[in-house]
Amino acid sequence: MSHSMDDYCHLQDSRTMGKKVKKESETPCKETFEPLPVEGKTPATVVLLLSSPEEDILVKACEAIHTFAEKGDENKVSLLGLGALAPLCHLINHNNKLVRRNAVMALGVMVTNSDVKNALKKSDVIPSIIDKLSLEEDIVVHEFATLCLASLSVDFVCKVQIFDNKGLPPLIQLLSSPDPDVQKNSIEIIFNLVQDYQSRLAVHELGGIPPLLELLKSDFPVIQHLALKTLQNVTTDKDTRIAFRDEQGFEKLMDILSNTDLSDLNAEALQVVANCLSDSESLQLIHKGGGLTRLMEFILTPNVSEIQSNAVKCIAKVAQSAGNRKLLHEENVEKVLVELLSVADVSVKTAICQAVDAMSFHLASKDSFRDLGGIPAVVQLLSDESLVLKEAATQALSNLTHSNQLNTFAVYEAGGHEILVQQLYGSCPRTVANSAATLGIMAGQEVIRCSILSHGAVQALVEPLKSTNTQVLVNTTQCLAVLVCDAEARAELQSAGGLQPLVNLLHSYHKEVLHNVCLAISVCASNEHTAVKMCKFGALEMLQKINQSVNRRSSFSELAMISLLNSNLSVKYSLTSHLASSDVISDGFYDAGKARPGQKILTLEELSKLSKQPVNQHQPIIVVNTAPEKKKGDDKQKDETQPESEKPWKMMDDVALQLLVKEAKKSVLPLIDERGQYAVLARLVSEAMGGAVEMEKLHEFPWVLHLSELKFQLQSNVVPIGLIRRGIYCHRALLFKCLVDCIGMSCTLVRGEYNRAWNEVLLLSGNPSSDGHSSQPCCYIVDLMHQPGSLLKANTSAAVQYQTI
């Protein structure tokens, strides 16, 4: 007679006694058998009897071992030590039915112990045990053979052996056994097997779906749970889902969900439902049969919060594909979700936010959530104490606002942007990332951007810039790139200490992070002071390295480099040796010479501090400063009394340059002819820097000595350009560019080799053409050295001679 389920559970409980007997088993077992009609009552004696040729003795010996093993793990381990396992494995194949039955019973009980199970795995007993699953064997053999396989099937190697030895077909047959223990053991083995792909497919092919569905009607919850867990695994396969649907599996699941007496099965049932609805074909058929309507009704039915939460999670899982989202939208799932937002339970609201996030990939759903008032409801969840709910709510808002301007304004009108800014200070990286993403989307609208900035968003983004979480960095830098379009935001970022961590992110090897950082830097660089600061933090050197890398360079890194250089003309000229006509020199421009590749370029302030050191033999740093000194008496007195080390740095005044600018405006601007303007200005520059010098006598021109004297006189390596009275090509070209820019004309500045530099201007050559159109402008080099005022047409021998030695 088979064991009842209660008896089975007792056997199962004995498994938990596993390891506590290991030390005890090392001592001889004192417990004895009841007297048998054979000599000896000790376990060792009975184990020896397993080798008897007498069938009656074998029956009694196996029965005694079974009874002895049932009493606890200590006995099982003792029998293992006495060598009972090998003869039992042999006896399960005995011709005598009683011997065979009792041997299987003994083996089945013993293998519930972990030590015995590990020993049994090393034997080749699985094919013999599978043979005992034949319908010709009695139910008791089925019970203990399946019990044995249930213990072994948790091991991967054993699972493979069971499958390879055709164990699945008889196990599926035994699902319909009249004995609940056999059913329970069989479904447990199948559940363990279907964790592997090949077994999952085989269950459907072997006709396993109908008996699995039949087990859902079992009187024993343990069997129902195992059946649902097994169905959850096998229905991940599309063909299995078709078979499941053909057997009205979905309807049977909905019957379970609708039965309040079976509420403990709802969690697993919903997992299977989610699988059934995962592909569009299945979803459409279930939808036509009214299955989706039943599911929506179930979700809205007041229930235990865990069940309602799992039901909504099912919707979120189903909504992962575009086709499914369309069908769910047709079923008005948005209305169901918005209604459920009023539920008090946090887990339900969290699941709803996850479903809203999934459904928001469907454009029409985004509009539905807004029209149904779902957006303000989600915004309210941002103030909840639950970190998990905040994360889900911010993720939902990020998706709801993506590419949807009306939703963006709906979040704004609900005050969501203010709360999202506060979330940037949170401890959960995903919440910070989601909040930054949503704010970045919203900041695309100018009125919203201004409001976001007014709530301290830039300050709040500084700390996330130091995060090690990739998604936080991606979203934070993206948000920042949008916000710093505003001039005040750039200033705030600098004052909040955000420039350095932003520049440091140029070290990142993550493509999206690097792109966003470069974009943010290029926007920030529109402010000259900010650009100088970023260069001070090493932005240029890092961008140079990035742009030399095949894998890291991009149009974003090139844009960042160009933007930085365009806002820092001193560095641009040092690195590229070229300033375009559109590059207008202003006060603070300096020429420190051509930079070597990879060389860090110091700011003028840094160079000026270095210049307080003894005058060196290098060429001076030439600086431009046209601003007159403006000081009140009190400020001047304060400077005079302040110690030298504490005085704030300021540029040296250049009165001579101020006079040159004034003279240029006076003598050049009144002229109408453009050529004449450039010629007069060229002569003014030449006269200021020592006049014309014949080519043959260039080596006699004392410009080197003059600059050395200036440096000694100033006790500085930084020299204002207006003080230079003996200037060579590079000095004259810089002064010409400076004056041209000051009076509103245009020219380039190009550095050559060996102190050569020149200016290019574009002028119309000759009269208009016969058809009345103006001729194309030509490029000319302005002679400032030998025949000041002469315009040398580019690429002619005279121009080339002027540009080279």
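The lining of the largest pocket divides into 14 nonpolar, twelve polar and seven charged residues, where Ala, Val, Leu, Ile, Met, Phe, Trp, Tyr, Cys and Pro count as nonpolar, Asp, Glu, Lys and Arg as charged, and the others, Gly among them, as polar. The model is predicted, with local features needing pLDDT of at least 70 and side-chain atom pairs counting only at pLDDT 80 or more, while totals for chains, interfaces and linings use all residues. Residues are numbered from 1 along each chain as its sequence is written, and side-chain values use heavy atoms, with hydrogens and water left out.

**Largest pocket**

- The volume of the largest pocket is about 810 Å³, taken as the space filled by probe spheres set on grid points that are joined across faces, edges and corners.
- A pocket is an open set of points on a 1 Å grid over the protein atoms alone, where a 1.4 Å probe fits, with protein on both sides within 12 Å along at least five of seven lines, and lining residues have an atom within 4 Å of a point.
- Its lining comprises 33 residues, and A592, G593, K594, Q619 and I621 are those nearest the centre.
- At least two lining residues come from each of β2 (590–591), α41 (604–610), β3 (621–623) and α46, and α46 gives the most, with three residues; helices (H or I, at least four residues) and strands (E, at least two) are DSSP runs numbered from the N terminus.

**Aromatic pairs**

- There are four aromatic pairs, counted for rings of Phe, Tyr and Trp (its six-membered ring) whose centres lie within 6.5 Å, with planes under 30 degrees apart counting as stacked, over 60 as edge-to-face and the rest as tilted.
- One of them joins F409 and Y412 edge-to-face, at 6.4 Å centre to centre and 80° between the planes, and these residues, three apart in helix α28 (residues 405–413), are separated by about one helical turn.
- F409 is partly exposed at 23% relative accessible area, and Y412 is partly exposed at 24%, on a scale where buried means under 20%, exposed over 50% and partly exposed in between (1.4 Å probe, protein chains only).
- The rings of Y678 and F736 have centres 6.4 Å apart and planes at 35°, so this pair is tilted.
- Y678 belongs to helix α44 (residues 674–688) and F736 to helix α46 (residues 729–742), so the pair ties together parts 58 residues apart in sequence.
- Y678 is buried at 1% relative accessible area, and F736 is buried at 0%.

**Charges over rings**

- The charged end of R552 sits over the ring of Y509, 4.2 Å from its centre, the criterion being NZ of Lys or CZ of Arg within 6 Å of the ring centre and within 35 degrees of the ring normal.
- R675 lies over the face of Y780, 5.0 Å from the ring centre.
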